[in-house]
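Reader: I'd like a close look at one part of this protein, taken slowly, and then a short walk through a few other residues. Could you talk me through it?

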Amino acid sequence: MPAPTCPPVFGRLRSCAGRLVLAAGFAAALVGFAPVAQAQTPVRFTLDWRFEGPAALFLMGIEKGYFKAEGLDVTIDTGNGSREAIPRVASGTYDVGFGDVNSLIRFRDENPTIDLKAVMMVYDKPPFSIVGRKSRGITADVKSLEGKKFGAPAADAAFAQWPIFKAVNKLDDSKMRLENVGFPVREPMLASGEVDAVFGFANSSFINLKSRGVPVDDIVVMLMSDYGVELYGNVIMVSPKFAAEKPDAVRGLLRALTKSVKDTVANPELGAQLVIKRNDVAKVEVELERLKMTLAQNVMTPWVKANGFGGIDKARWAKALDQIALTFTFKDKAKAGDAFTDAFLPASAERVF
């Protein structure tokens, strides 16, 4: 029985073999025109501290795929304090960091050749606080601090603002004892009565004391922002090299972060679960409380609700610079104070939630 024949192709290739060769070549040509998956831009991101409640603000972006959708492969590492994030980013070890903007301003003045800037405000109201115990003689009156013993970690951003706090409140610290202590022993020392109060972030020290069994009605939290301190808090900062070479990546990062923060505000329970996945010694109920406290006190402030997340009020920024100048002699206040840019932020409408 004769073999079946193929119909002519383009009037020339009459054999099946010839037709298959043509089809293979045509397919190969199509592959050449197919879109190629774009490589993801690696982004090294340092936190200010461990994987605790506030880290959910950023982890949500990984969980929901927001960074990946912007073409970014973001790796998030823990930190050693909100001041330590600054040299990490300034040196280029990390592309992006979450740290204290007031320390950044001082860093710029001391290192005028490094144009390190903040690109997004996260803590509109800083968590800088003095946390003490009523049973140790601490009350809501700042004068109760005089003559007391404090646990004061040298690298702590809250302690860095002490000169401003005491100047604004006209405190005499000649009889105060400030003891340099490590972060891990700060709350344990207060819980055991070795110190009367500590410097720290409210969302850290208060929650840690409570989880150690200190009665809530014995804990006194003095948020510095409630005692005349006009400073801002933690920001997203970007290395000068990364900002100059990959401005679109920075814009994409901030778009993703805006969505990440919005989702965390809407679902803090999921945020706490994301933290627990990366910190197996943490307790979900503790981190959820810490996260909710952070959102309420530091992130979703009345100003942010009215004006949108991520930006600054220029008049308040100027006041903050004046307060820093109370205890810090600027070499070039204007240049140091040019530490924030809104050039990479998403449109304001996207940041209101």
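Where is the place of Asp95? And what else can you tell me about that spot?

Author: Happy to. Keep in mind that this is a predicted model. Asp95 sits in the loop that runs between helix 4 (85-90) and strand 3 (96-100). Its relative accessible area is 8%, and because buried means under 20%, Asp95 counts as buried.

What does the side chain of Asp95 do in there? One of its polar atoms lies 2.8 Å from the backbone nitrogen of Arg44. So far as neighbours go, leaving out residues up to four places away in sequence, Asp95 touches Pro42, Val43, Arg44, Val89, Met237, Val238, Ser239 and Phe242.

Arg351 lies in the segment after helix 16 (333-337). Arg351 is buried yet has no salt bridge. What the side chain of Arg351 does have is a polar atom 2.9 Å from the backbone oxygen of Pro346. Again skipping residues up to four places away in sequence, Arg351 touches Thr258, Gly308, Phe309, Gly310, Gly311, Leu345 and Pro346.

Arg278 is another arginine to look at, and this one lies in helix 12 (residues 268-278). Because its relative accessibility is 34%, Arg278 counts as partly exposed. The side chain of Arg278 reaches the backbone oxygen of Leu274 at 3.0 Å. With residues up to four places away in sequence not counted, Arg278 touches Phe51, Leu59 and Ile62. Arg278 and Glu52 are 226 residues apart in sequence, yet 9.0 Å apart in space, C-alpha to C-alpha.

One last stop is Lys170, found in the loop between helix 7 (162-168) and strand 7 (177-179). Lys170 counts as exposed because its relative accessible area is 66%. Its backbone deserves a glance too: most residues other than glycine have a negative phi. Lys170 has a positive phi, near 50°.

Conventions. Residues are numbered from 1 along each chain as its sequence is written. This is a predicted model: local features need pLDDT of at least 70, side-chain atom pairs count only at pLDDT 80 or more; totals for chains, interfaces and linings use all residues. Side-chain values use heavy atoms; hydrogens and water are left out. Helices (H or I, at least four residues) and strands (E, at least two) are DSSP runs, numbered from the N terminus. Buried means under 20% relative accessible area, exposed over 50%, partly exposed in between (1.4 Å probe, protein chains only). Lys and Arg count as positive and Asp and Glu as negative; His and the chain ends are not counted. A salt bridge is a side-chain nitrogen of Lys or Arg within 4 Å of a carboxyl oxygen of Asp or Glu. A polar contact is a pair of N or O atoms within 3.5 Å; within protein, one must be able to donate a hydrogen and the other to accept it, and residues adjacent in sequence count only if both atoms are side-chain atoms. Contact means heavy atoms within 4.5 Å.
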